[in-house]
Amino acid sequence: MERLDKFLCSQSNLTRSEAGRAIRSGRVTVDGAVCRQAAQKINPDTQTVAVDGKAVGYAEFVYWMLNKPAGILCVSRDPKAPTVVDLLPPDARRKGLFPAGRLDKDTHGMVLITDDGDFAHRILSPRHHIPKTYHARLDKPMPPDTPQRFAAGITLGDGEECKPAQVRLLEEGEAPLVEIVLVEGKYHQIKRMFAAVGCHVDWLKRVKMGGLSLDESLAEGECRLLTSAEKDRVSS
Ligand code: URA
C-alpha cells in the first residue's frame with residue numbers, strides 16, 4: 001500500500017506538491033471515484049488511479065530504448081543543453097530516470113534510459129562482460145594488426161590498458177566502416193583505441209547492448225519502451 005500523492009509523483013511527471021494540488025482539486029480518481037485525500041493509501045497492483053480521466057500506469061521500473069542523435073548530452077539533466085532524458089515523451093518522465101551508460105555528445109545510437117539502478121549496474125559493470133557493439137567510420141584504413149592489438153587489450157596513449165575487444169571490417173575503402181565490440185566503457189574509449197593505432201573516428205554509433213539490437217525503425221531522437229523479454233536480452 002502506498003500514499004496516493006507519493007504514488008502519483010513516482011509514476012508521473014508531477015511533483016509531490018503538484019500531485020497534492022491535483023488530488024485536492026478533484027482531478028484524481030481511484031477505481032473511478034474522486035479521491036481528495038493525498039494521504040489515502042492505495043494498492044497500485046489492484047487499484048486504478050487516473051488523473052483527468054487518464055489512467056496512470058504502474059511499473060516499478062521502466063526501460064526505454066532511445067536512438068540518440070548527435071548533439072544531445074547523455075546525462076539525466078543539464079541546465080544549458082538538451083539531454084537524452086529530455087527526449088522522452090512528456091508523460092513518460094518520472095523521477096530517477098538516467099541513461100544506463102554514457103555516449104559522447106557526438107555519438108549516435110542506442111541508449112537505454114531507466115530508473116532501475118541494479119539493472120544499469122549489471123549491464124555496465126565490466127565484471128559482467130556485457131558486450132556493447134558499435135559501428136565506426138574511420139578517416140583511413142586501420143593498420144592490418146589492429147584486430148590482434150585490440151584482441152590482446154590495447155594500451156591507450158596515456159598508458160591506460162583496455163580489456164580485449166573485437167574489431168572487424170564492415171566496408172572497405174579510404175574511409176572504412178568497422179564494427180567494434182567492447183565489454184567496458186572508458187571515457188572516449190573507441191576514439192582513444194583508434195587514436196592508439198593512428199586512426200581518427202569520424203562517426204560513431206552504438207548498435208547493440210548485450211543481446212539486444214537498436215530498433216532501426218526508431219528515427220534519430222525517437223524512443224520506445226522495451227518489452228520485458230527485450231530487457232532480459234540486454235543482460236543475456
Ligand atoms: N567510445 C567513444 O569513444 N565514444 C562513445 O560515445 C562510446 C564509446
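Thr 146 is buried, with a relative accessible area of 0%. Here, buried means under 20% relative accessible area, exposed means over 50%, and partly exposed covers what lies in between, using a 1.4 Å probe and protein chains only. Before going on, please keep in mind that this is a predicted model, in which local features need pLDDT of at least 70, side-chain atom pairs count only at pLDDT 80 or more, and totals for chains, interfaces and linings use all residues. Residues are numbered from 1 along each chain as its sequence is written, and side-chain values use heavy atoms, with hydrogens and water left out.

Thr 146 belongs to helix H4 (residues 146-152). Helices (H or I, at least four residues) and strands (E, at least two) are DSSP runs, numbered from the N terminus. Which residues touch Thr 146, once neighbours within four places in sequence are set aside? They are Val 167, Phe 194 and Val 197, where contact means heavy atoms within 4.5 Å.

### The chain as a whole

Stepping back, the protein chain has six helices and 15 strands. Its C-alpha atoms fill a box of roughly 70 × 30 × 30 Å along the principal axes. Of its 236 residues, 45% count as buried. Among contacts with a separation of 6 or more, 62% come from residues 24 or more positions apart. The chain exposes about 12000 Å², and carbon and sulfur atoms supply 51% of that; accessible areas come from the Shrake-Rupley method with a 1.4 Å probe, and for residues only the protein chains shown count as cover.

The domain assignment gives domain 1 (2-55), domain 2 (63-126 + 214-234) and domain 3 (131-209), with bounds that come from an automatic or database assignment. Taken over C-alpha atoms, the centres of domain 1 and domain 3 are 50 Å apart.

### Helices H1 and H2

Helix H1 (residues 4-11) is mostly covered, with six of its eight residues buried. Those residues are Leu 4, Asp 5, Phe 7, Leu 8, Cys 9 and Gln 11. Their cover includes strand S1 (2-3), helix H2 (16-24), strand S2 (28-30), strand S4 (41-42) and strand S5 (49-51).

Gly 20 is found in helix H2. It counts as buried because its relative accessibility is 5%. Gly 20 and Arg 36 are 16 residues apart in sequence, and their C-alpha atoms are 8.7 Å apart in space.

### The ligand and its surroundings

Around the ligand are Leu 103, Asp 104, Thr 107, Tyr 134, His 188, Gln 189, Ile 190, Lys 191 and Leu 204; a residue is near a molecule if one of its heavy atoms lies within 4 Å of it. This shell divides into four nonpolar, three polar and two charged residues. In this scheme Ala, Val, Leu, Ile, Met, Phe, Trp, Tyr, Cys and Pro count as nonpolar, Asp, Glu, Lys and Arg as charged, and the others, Gly among them, as polar. Domain 2 and domain 3 each give at least three residues to the shell. Helix H5 (residues 189-195) gives the most, with three residues.

| Residue and atom | Ligand atom | Distance |
|---|---|---|
| Asp 104, polar side-chain atom | nitrogen | 2.7 Å |
| Gln 189, polar backbone atom | oxygen | 3.4 Å |
| Ile 190, backbone N or O atom | nitrogen | 3.0 Å |

Taken alone, the ligand exposes 230 Å², and the protein buries 96% of that.

His 188, one of the residues around the ligand, lies in the loop between strand S12 (177-182) and H5. His 188 is not a glycine, yet its phi is positive, near 50°. Is His 188 buried or partly exposed? With a relative accessible area of 28%, His 188 is partly exposed.

Asp 31 sits in the loop between S2 and strand S3 (33-34), and it counts as partly exposed because its relative accessibility is 46%.

Gly 210 lies in the loop between strand S13 (201-209) and strand S14 (212-213). At 8% relative accessibility, Gly 210 counts as buried. Not counting residues up to four places away in sequence, Gly 210 touches Ile 130, Pro 131, Arg 233 and Val 234. Its C-alpha atom is 7.8 Å from that of Ile 123, which is 87 residues apart from it along the chain.

Technical notes
Polar contact = N/O pair within 3.5 Å; in protein donor to acceptor, adjacent residues only side chain to side chain.
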